[in-house]
Amino acid sequence: MKRTLLASTALVAMSGAAYAQGVTLSGSAEMGIADGGSGDAMFHQDVDVSFKMEAMTDAGLTFGTAVDLDEDAGAVGGDDAGVAAYVKGPFGNVTLGDTDGAFDWAMSEVGGAGAIADDHTGHAGFNGNSGLDGNDGNDGQILRYDNSFGGLGVALSFEQEDGGSNGDIIGAGVTGGFGDVSLGVGFQTHDNANIAGASVSASFGDISGGLNFSRLSHDTDGDTTHIGVGATYTMGGTSVNVNFGRSETGGMDDTGFGVAAQHDLGGGAKIQFGYGNSQNADDTEEDTWSLGLAMGF
């Protein structure tokens, strides 16, 4: 009932064209317990609300915006965190705002299932493939163009320097595949560093998995190589993910593995468990875990 009322209120405030073509409201919530590595379990709760507004010009050009109210304002400069606007048509898609650069767009991740505190993707060996997005001196506002030609996808991205010394960030990505196997290759560069990577993902019946590799070359900090592998098994409403990663810089390794399990209760509710283990380059070890209920609306 509350969802319908809120959506109706938002629609009344829009123009006739936008009302006719689409304003959607969605959200999620989490509740449970989590241990972030201190050894003491604490209460955990999180709420996320998202809006999407989309309409179409008389010539058939689609335009819209997406707003995620859960985003951390530190991720993107000014008041633009969690906000992106887009235009799409036969020419492809153009997005500006809090979105992925071409490297991240092309690369697949190895974490599946879900955990309320994302422990399975928070360990020292996990890499979310963000590349150089939002590097120091860049504000995180990304302009990306992407398009697909049959089974081939391409993307180009640009992020302006904002008071730092890295210069602008330029990226490119390509995706493709055959059957149940998908491939991705990405590259990004700025004045002081560049990163290149490749990934492969596949699904075979109830099992899906992926492998990614990247190499970051930095003028002053040396090179960092990363490899990640993961697999997810789904049976009915239950999914289990296991993943492992290793990051090496100058002979020093950060490694880790994660496990996530979830069971779908129906209606948007899922019981989730997550665990992460980190083996850090300084010989320290950290364990994190969480257990709780994830709700989608």
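The model is predicted. Coloured by secondary structure, the chain shows three helices and 16 strands. Of its 297 residues, 35% count as buried. The chain exposes about 15,600 Å², and carbon and sulfur atoms supply 58% of that area.

**The nonpolar core**

Select Phe103, Met107, Leu132, Ile169, Ala193 and Ile195. These six residues make up the largest nonpolar core. In soluble globular proteins, nonpolar side chains tend to be buried together. Now centre on Met107, one of the core residues. Beyond four places in sequence, Met107 is in contact with Asn129, Gly184, Gly186, Gly197, Ala198, Ser199, Asn212 and Phe213.

Step to Ser108, in the loop between helix H3 (102-106) and strand E6 (138-149). Is Ser108 buried or exposed? Its relative accessible area is 18%, so Ser108 counts as buried, the cut-off being under 20%. Leaving out residues up to four places away in sequence, Ser108 touches Asn129, Ser199, Val200, Ser201 and Asn212.

Select residues 252-266, which are strand E14, and pick out Thr255 within it. Thr255 is buried, at a relative accessible area of 18%. Apart from neighbours within four places in sequence, the contacts of Thr255 are Ala124, Gly125, Phe244, Gly245, Arg246, Asn277, Ser278 and Gln279.

Arg246 also takes part in a salt bridge, with Asp253, at 3.3 Å from N to O. Both partners are partly exposed: Asp253 has a relative accessible area of 29%, and Arg246 has 31%.

Next, show the aromatic side chains. How many aromatic pairs does a search of the whole structure find? The search finds one. The pair is Phe257 with Tyr275, tilted, with 5.9 Å centre to centre and 50 degrees between the planes. Phe257 lies in strand E14 and Tyr275 in strand E15 (residues 269-279), so the pair ties together parts that are 18 residues apart in sequence. Phe257 is partly exposed at 34% relative accessible area, and Tyr275 is partly exposed at 24%.

**Other salt bridges**

The count of salt bridges comes to five. Select Asp146 and Arg144, whose closest N and O atoms are 3.1 Å apart in a salt bridge. Here both residues are buried, with relative accessibility of 8% for Asp146 and 9% for Arg144.

Move to Arg215 and Asp223, whose side chains meet in a salt bridge at 3.0 Å, N to O. Arg215 counts as partly exposed at 39% relative accessibility, as does Asp223 at 31%.

Return briefly to Asp253 and Arg246, joined by their salt bridge.

Where is Phe91 found? Phe91 is in the loop between strand E4 (83-89) and strand E5 (92-97). At 39% relative accessibility, Phe91 counts as partly exposed.

Methods
Residues are numbered from 1 along each chain as its sequence is written. This is a predicted model: local features need pLDDT of at least 70, side-chain atom pairs count only at pLDDT 80 or more; totals for chains, interfaces and linings use all residues. Side-chain values use heavy atoms; hydrogens and water are left out. A nonpolar core is a set of buried Ala, Val, Leu, Ile, Met, Phe, Trp, Tyr and Cys residues joined through side-chain atoms within 4.5 Å. Buried means under 20% relative accessible area, exposed over 50%, partly exposed in between (1.4 Å probe, protein chains only). Contact means heavy atoms within 4.5 Å. Helices (H or I, at least four residues) and strands (E, at least two) are DSSP runs, numbered from the N terminus. Rings of Phe, Tyr and Trp (its six-membered ring) pair if their centres lie within 6.5 Å; planes under 30 degrees apart count as stacked, over 60 as edge-to-face and the rest as tilted. Accessible areas come from the Shrake-Rupley method with a 1.4 Å probe; for residues, only the protein chains shown count as cover. A salt bridge is a side-chain nitrogen of Lys or Arg within 4 Å of a carboxyl oxygen of Asp or Glu.
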